[in-house]
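Please keep the view open as you read.

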Amino acid sequence: MANVLPFARRVDIASHLVDGCSINATSRLLKIHKQTILDFLVLLGEGCARLHDRLVRDVVTSDVEMDEIWSFVQKKQHRCKPEDPSEWGDNYTFVGLARATRLVISYLTGPRDGTSAFVFAFDLRKRVVTSPGRVHFSSDGFQPYIPAMRAAFG
């Protein structure tokens with residue numbers, strides 16, 4: 001049988017992290033190995049992604065706000081060397097949310113480029129109901145959104 005944390009311990013880990021405890025502090029407070037917490041976080045994230053993909057469909061809204069959140073993997077882009085893995089460096093999370101309810105309709109993590117904008121726009125199109133009325137999309141003026149939104153929504 002697989003080595004699985006009891007449900008109560010998983011809830012404790014998630015609660016501590018949501019409350020702002022670091023992974024090291026959560027490990028120390030709950031007396032759970034750091035790698036166990038990291039493994040649980042991967043499973044939790046995958047479960048949340050599946051739940052979001054299943055539930056957030058056919059969203060009726062008239063106003064969608066789009067933006068990108070910058071972060072980096074391992075090190076900032078200007079510090080990356082040619083021999084570093086391609087996954088390292090600047091990374092962006094594209095987010096589309098219903099302005100009135102703050103519901104995250106669609107999200108995508110990747111480089112801030114036209115390809116990511118197209119993938120994001122088409123995922124957003126699958127999740128938003130555009131009839132009977134029009135949907136207003138607003139963004140920060142990221143230029144690749146223009147052709148991507150035209151291609152996805154017409």
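Which element of the protein chain has the lowest mean pLDDT, and which the highest?

1. Strand β5 (residues 128-129) has the lowest, at 92, and helix α2 (residues 23-30) the highest, at 97. Here pLDDT is the predictor's confidence in each residue, from 0 to 100, while helices (H or I, at least four residues) and strands (E, at least two) are DSSP runs, numbered from the N terminus. Across the protein chain pLDDT averages 93, and 98% of the residues score at least 70.

2. A word on the basis: this is a predicted model, where local features need pLDDT of at least 70, side-chain atom pairs count only at pLDDT 80 or more, and totals for chains, interfaces and linings use all residues. Residues are numbered from 1 along each chain as its sequence is written, and side-chain values use heavy atoms, leaving out hydrogens and water.

3. Have a look at strand β3 (residues 89-98). Because 8 of its 10 residues are buried, β3 is largely enclosed by the rest of the structure; buried means under 20% relative accessible area, with a 1.4 Å probe and protein chains only.

4. β3 has antiparallel partners, pairing being counted when DSSP finds at least two bridges between two strands. Strand β2 (residues 63-73) is joined to β3 by 10 bridges, with Val 64 opposite Ala 98.

5. In the hairpin of β3 and β4, 5 residues lie between the strands, and Arg 102 takes a positive phi near 65 degrees.

Technical notes:
Buried < 20%, exposed > 50% of the residue type's maximum accessible area, 1.4 Å probe, protein only.
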